[in-house]
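The following explanation leads through a structure from the fold of one chain to the contacts between its parts. Please keep the sequence and the three-dimensional view at hand while reading.

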There are 2 protein chains.
Amino acid sequence: MSGIRAQQKQKTREALISAAFNQLSADHSFSNLSLREVAREAGIAPTSFYRHFKDMNELGLTMVDEAGLTLRQLMRQARRRIANGGSVIQTSVHTFMEFIDTSSNQFRLLLRERSGTSKAFRAAVAREIQHFILELAHYLETETHCEANHAYMQAEAMVTLVFHSGAEALDQDLVQRKELTERLIWQLRYIARGAGHYGGATNHA
Amino acid sequence: MSGIRAQQKQKTREALISAAFNQLSADHSFSNLSLREVAREAGIAPTSFYRHFKDMNELGLTMVDEAGLTLRQLMRQARRRIANGGSVIQTSVHTFMEFIDTSSNQFRLLLRERSGTSKAFRAAVAREIQHFILELAHYLETETHCEANHAYMQAEAMVTLVFHSGAEALDQDLVQRKELTERLIWQLRYIARGAGHYGGATNHA
DNA sequence: AATTTCAGCGTACATATGTACGCTAAAATA
DNA sequence: TATTTTAGCGTACATATGTACGCTGAAATT
């Protein structure tokens, strides 16, 4: 039932997705992509595109899902590192920066479409980020005994700062990126401190 | 020397700019605008566009400048209100939320082009936001006796959170917006507290 | 009054895009 | 083996876009 045919179809579907990711860059966002160019890079005729996606929109949503998946895998990896005794803030930030380096275009997509032009996209990205926030909030609540509401607001603020820094890091060289990362770590410490004060937490930063 | 002629030219130039702002919305970003449509709404022929701007790009940069101007006027207003004895954080946040309500499309432009597709745009927006950060940093440094470097990082974090919340507020109704604003205020308090702790400041939040 | 300047227009063109339609060959099924 | 299914192709078309070019009439300058 695996079928030579279904296999090949899956393959060109992936070719389309990776062609699309490939065409993202600092100067080329998803809405700049054209069906024809994506098809060209994937090595199929424009009209064959429709065998796989109803729409460029549908392709885009698939891409958001994929980027979200990568992000979640990353979170697991960060959690493992933390469990092995790393500092929470430092480990999380460095893991995130690796993601930006390794999967820039997946990050770019999430970043841009978060405040992008399509409602469906915005919702999809918001869902992915919400995952991130809730997970972190839960961690902060149980681990630092912070009051639930404050844990959530703290997590939200932290994720916002991390994503924003990620966005800046995309266009920076290593030196700038290092400074940026250090600033970010301080800023996260501020939040941890402050939230601890108002929310009655133990401080583990 | 004011000239009926120059006067008229200025008028249609403004018509172009305001037509362009008018066509921005949640589902329509600057890069979706077309020269022809902007010209149409401004009531001139497509080719006449070039009498005013070399490019859509040049129009866009002008728009960024204009939005930046609005933002700076806003800051002055906030400072006046604070001088009249308002709480710093609350006053700033509410003033900012007014801006988002009153000049949504100017804010939309800054917001989107900050991580947008054109290098020149990104630079222009970054400059505007930098203004904001530096001014706030200076205020924090002199007013709360916070150490300079910490004052900067604190200001940066605060501006990031405010802008991000602004972005979310754009698509929200009044109830959601109120909750959002309250969360934001807490988050800013966290930062003020935390930065105060590490940077040796008096707390005025 | 004679001349120059120039904002705005209309025409025209090359180009890129999405997508409807029908065909083909090879894989899947019967 | 005979039949059906379908991924991918090529052709074709309607549409939108940026912009080159030359004209016009009124304001500005001489």
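The secondary structure of chain A consists of eight helices and zero strands, and reading along the sequence gives the pattern α-α-α-α-α-α-α-α. The model is a predicted one. Along the principal axes, the C-alpha atoms of chain A occupy a box of roughly 60 × 40 × 35 Å. Chain A has 205 residues, of which 38% count as buried. When contacts in chain A between residues at least 6 apart in sequence are considered, 60% of them join residues at least 24 apart.

The domain assignment divides chain A into domain 1, residues 1-53, and domain 2, residues 55-199. Taken over C-alpha atoms, the centres of these two domains of chain A are separated by 28 Å. Their contact draws on 12 residues from domain 1 of chain A and 17 residues from domain 2 of chain A. On the domain 1 side, α1(A) supplies the largest share, with four residues. By class, that side of domain 1 of chain A comprises 10 nonpolar and two polar residues, and no charged residues.

The next topic is the pairing of the two protein chains. Here 29 residues of chain A are in contact with 29 residues of chain B. On the side of chain A that touches chain B, the elements giving two or more residues are α5 (104-114), α7 (148-170) and α8 (174-199) of chain A. Of these, α8(A) gives the most, with 12 residues. The class composition of this side of chain A is 11 nonpolar, 12 polar and six charged residues.

Which residues have the most contacts inside the largest nonpolar core? They are A:Met158, A:Ile191, B:Met158 and B:Ile191, in a core of 98 residues. With residues up to four places away in sequence not counted, A:Ile191 touches A:Gln154, A:Ala157 and A:Met158 in chain A, and B:Tyr190, B:Ile191 and B:Gly194 in chain B.

DNA strand C is surrounded by 19 residues, and the closest are A:Gly3, A:Arg5, B:Ile44, B:Ala45 and B:Thr47. The elements that give two or more residues to the surface near DNA strand C are α1 (4-23) and α2 (35-42) of chain A, together with α1 (4-23) of chain B. The most comes from α1(B), with four residues. By class, the surface near DNA strand C has six nonpolar, seven polar and six charged residues.

Key. Residues are numbered from 1 along each chain as its sequence is written. Chains are lettered from A and ligands numbered from 1 in the order in which they are written. This is a predicted model: local features need pLDDT of at least 70, side-chain atom pairs count only at pLDDT 80 or more; totals for chains, interfaces and linings use all residues. Two residues are in contact if their C-beta atoms, placed from the backbone, lie within 7 Å. Ala, Val, Leu, Ile, Met, Phe, Trp, Tyr, Cys and Pro count as nonpolar, Asp, Glu, Lys and Arg as charged, and the others, Gly among them, as polar. A residue is near a molecule or strand if its C-beta atom, placed from the backbone, lies within 6 Å of it. A nonpolar core is a set of buried Ala, Val, Leu, Ile, Met, Phe, Trp, Tyr and Cys residues joined through C-beta atoms within 7 Å. A residue is buried if 20 or more other C-beta atoms lie within 10 Å of its own, exposed if 12 or fewer, and partly exposed in between; C-beta atoms are placed from the backbone. Domain bounds come from an automatic or database domain assignment.
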